[in-house]
Amino acid sequence: MPQLEFHFYCAQIFWLLISFGILFFAVKFWLLPPLENIIKERDEKIKDILRQADKFTAQAQLTQKAYQQYVDEAKQYSSKVLQTVHDEIALSYAQQEKNLMQTLAENTKQAEDNIQKIQTDTLNRLETIAQTFVKAVLKFFYRTDVSNNVLQEKVASQIKEEANVG
């Protein structure tokens, strides 16, 4: 094999150095610069994307803080509104209760007055009926006529006595 013979080594080394040099310069000046540019652009894109991600993260955190503050304010506002409504309802309820109690007291007073009036009228009628009955009984059984004043006095005292016992 000729490539293994010693006197061809110089020519082989020469062409190896020439081939290697050409390949080296071709790779270094022709193939590597576009690859380096691609890698640099990729690094820059990644850095830019990371900067944007940091920016968006900061914006998201600010938005979340603002949202949380808005929610807290809304809770406070709703609590105040609920308390106000509760107080208004309690006041309205107390006023209505007062009005109803006043109306009830007035109606009770009227009812008691009506009962008292009816009771008085009933007792007066009862006295009149009792007087008429006693007068009729005395006239029928004893054939006597008693004066209205005496009869009225006796019936009234008997009714009062019965009312005190009952």
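Good morning, colleagues. Please bear in mind throughout that this is a predicted model.

Let me begin with the surroundings of L31. This residue sits in helix α1, which covers residues 9–142. Together with W30, L32, L35 and I38, L31 makes a nonpolar surface patch of about 530 Å².

I turn next to the aromatic residues. A search of the whole structure finds 5 aromatic pairs. One of them joins F24 and F25, whose ring centres are 5.5 Å apart; the planes stand at 75 degrees, so this pair is edge-to-face. Both partners have intermediate accessibility: F24 is partly exposed at 41%, and F25 is partly exposed at 48%. Another edge-to-face pair is formed by F140 and F141, with centres 5.1 Å apart and planes at 80 degrees. F140 and F141 are both exposed. Returning to F24 and F25, ring pairs link these two with F20 and F29 into a cluster.

How far apart in space are F133 and W30? Their C-alpha atoms are 147 Å apart, and 103 residues separate them in sequence.

Which residues of α1 are buried? They are G21, V71, E127 and Q131. The cover over the buried residues of this helix includes α2, residues 148–165. Two of the buried residues can be examined in detail. E127 has a relative accessible area of 19%; the cut-off for burial is under 20%, so E127 counts as buried. Setting aside residues up to four places away in sequence, E127 touches V155, A156 and I159. Q131 is likewise buried, with a relative accessible area of 17%. Beyond its neighbours within four places in sequence, Q131 is in contact with L151, Q152 and V155.

Now to the charged side chains. How many salt bridges does a search of the whole structure find? The search finds 2. In one, R51 is bonded to D48, and the closest N and O atoms are 3.5 Å apart. These two residues are 3 residues apart in helix α1, which means that about one helical turn separates them. R51 is exposed, at 53% relative accessible area, whereas D48 is partly exposed, at 35%.

In the other, the side chains of D113 and K109 meet, with an N to O distance of 3.3 Å. D113 and K109 also lie in helix α1, 4 residues apart, or about one turn of the helix. D113 is partly exposed at 40%, and K109 is partly exposed at 48%.

I close at the end of the helix. Just after α1, R143 takes a positive phi of about 50 degrees. Thank you for your attention.

Key
Residues numbered from 1 in each chain as written. Predicted model: local features only at pLDDT ≥ 70, side-chain atom pairs only at ≥ 80, totals over all residues. Heavy atoms only, no water. Patch = residues over 30% accessible without salt bridge, like charges linked within 9 Å, V, L, I, M, F, W, Y side chains within 5 Å. Areas by Shrake-Rupley, 256 points an atom, 1.4 Å probe, with all protein chains shown as cover. Salt bridge = Lys/Arg side-chain N within 4 Å of Asp/Glu carboxyl O. Buried < 20%, exposed > 50% of the residue type's maximum accessible area, 1.4 Å probe, protein only. Contact = heavy atoms within 4.5 Å. Phe/Tyr/Trp six-rings, centres within 6.5 Å; stacked < 30°, edge-to-face > 60°.
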